[in-house]
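Take a walk through this structure with the model open beside you.

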Amino acid sequence: MARFDGRVALITGGASGIGKATALRIASEGGAVAVADIQEQAGAEVVSEIEAAGGTAAFVKLDVTSEEDWNQAVDTTVATFGKLDVLVNNAGIGDTDPIEVTTVDTWNKVVAVTQTSVFLGMRAAAEQLKASGNGSVVNISSMYGIVGSGVSPAYHAAKGAVRLLTKTTALGWAKEGVRVNSVHPGFIDTPILGDTDRDMLIAGTPMGRLGRPEEMAALIAFVASDDASFATGSEFVADGGVTAG
Ligand code: NAI
């Protein structure tokens, strides 16, 4: 038995970076995966890669800021795979400016994609996750949902909110058979880093390197799986030592 045999997972932001690595990992362990993203081409390529490796997946077009899209994505996942056991709320975007020059437009955009999305996702999937009898939600926050960096106010506020939204939902669902946890990556080498100076990020990381998406996927898969069966409302940090100082 593989860890995700007979399980169905919906992963947002599944077309790239950490979400893609998580989709590949869960599928490689037997799970059927709904790869949900706004990037259709890249998402379809992830599905092809999973299928080429003998796994099961489908692309689901989902803008995580849209209530309507969320309802459709959950319906499509259940229509395709019969149920929904695992939700990974991974899609996110960041801001990079100091607070003085951050516009309300930037604030609202980052909060919508990075924070409100997690609320919408858990609400849309609630009924199916409870019906699973063994549901698991993994919300991707950040080390910047725990500590500050001096810039990116919207991102820190959104990621901090994801941390507490996770805990209160975990308590609400503790007797409903649905675990809810957050994962807090450090600097991981994915497209979200844009043209940020990698050497600066490496210099700020005690382990002296960036993390790989596959390392986050391994942690997310652990938290999503029955190996973490007594963990709920918890935060799992993997940041190369940044927040240890
Ligand atoms: P990425 O940019 O490679 O992937 C993000 C994915 O989210 C993309 O596929 C993108 O199309 C999708 N997305 C963006 N807006 C969306 C929307 N409105 N609806 C649906 N999908 C949307 O970035 P990465 O690094 O894989 O990020 C994944 C998560 O990990 C994010 O929540 C990010 O904040 C978090 N994270 C990443 C860190 C890093 O250093 N890479 C550090 C800490 C947290």
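Keep in mind that this is a predicted model. Begin at the ligand and look at Thr190. An oxygen atom of the ligand sits 2.5 Å from an N or O atom in the Thr190 side chain. The protein covers 92% of the 820 Å² of accessible area that the ligand has on its own. Tyr155 also reaches the ligand through its side chain: an N or O atom there is 2.7 Å from a ligand oxygen. Leu62 uses its backbone instead, with a polar backbone atom 3.3 Å from a ligand nitrogen. In total, 28 residues surround the ligand. The closest are Ser16, Asp37, Asn90, Tyr155 and Thr190.

Most residues other than glycine have a negative phi. Ser152 has 9% relative accessibility, so it counts as buried.

Ser142 belongs to the loop between β5 and α5 too. Is Ser142 buried or exposed? Its relative accessibility is 5%, so it counts as buried. Beyond its sequence neighbours up to four places away, Ser142 touches Tyr155, Lys159, Val183, His184 and Pro185. Across the chain, Ser142 and Arg163 are 21 residues apart in sequence, while their C-alpha atoms are 8.7 Å apart.

Next, the nonpolar interior. In soluble globular proteins, nonpolar side chains tend to be buried together. Here the largest nonpolar core has 30 residues. Leu10, Trp70, Leu87, Leu129, Val137 and Trp173 have the most contacts inside it. At least two residues of this core come from each of β1 (8–12), β2 (32–37), β3 (56–61), α3 (67–81), α4, α5 and β6. Helix α4 gives the largest share, eight residues. Trp173 shows the packing at one spot. Setting aside neighbours within four places in sequence, Trp173 is in contact with Met122, Ala126, Leu129, Lys130, Val137, Val178 and Val180. Another core, of 28 residues, lies apart from the largest one. Its members include Ile50, Ala57, Val86 and Val223.

Strand β5 holds Ser136. This serine has 0% relative accessibility and therefore counts as buried. Its contacts, apart from neighbours within four places in sequence, are Arg7, Asp85, Val86, Leu87, Leu129, Val178, Arg179, Val223 and Ala224. A polar atom of the Ser136 side chain lies 3.3 Å from the backbone oxygen of Ala224.

Finish at helix α1. Its twelve residues reach 17 Å from first C-alpha to last, close to the 16 Å expected at 1.5 Å a residue. Gly17, Ile18, Gly19, Ala21, Thr22, Ala23, Ile26 and Ala27 are buried in this helix. Their cover includes β1, β2, α2 (40–52), β6 and α7 (213–224). Just after α1, Gly30 has a positive phi of about 100 degrees.

Arg25 is also in α1, which covers residues 17–28. Arg25 has a relative accessible area of 30%, so it is partly exposed. Its side chain makes a polar contact with the Glu29 side chain, at 2.7 Å. Leaving out neighbours within four places in sequence, Arg25 is in contact with Arg3, Ala217, Ala218 and Ala221. Arg25 and Ala217 are 192 residues apart in sequence, yet their C-alpha atoms are 6.5 Å apart.

Conventions: Residues numbered from 1 in each chain as written. Predicted model: local features only at pLDDT ≥ 70, side-chain atom pairs only at ≥ 80, totals over all residues. Heavy atoms only, no water. Near = heavy atom within 4 Å. Polar contact = N/O pair within 3.5 Å; in protein donor to acceptor, adjacent residues only side chain to side chain. Areas by Shrake-Rupley, 256 points an atom, 1.4 Å probe, with all protein chains shown as cover. Core = buried A, V, L, I, M, F, W, Y, C linked by side-chain atoms within 4.5 Å. Buried < 20%, exposed > 50% of the residue type's maximum accessible area, 1.4 Å probe, protein only. Helix = DSSP H or I, 4+ residues; strand = E, 2+ residues; numbered from the N terminus. Contact = heavy atoms within 4.5 Å. Expected span 1.5 Å × (residues − 1).
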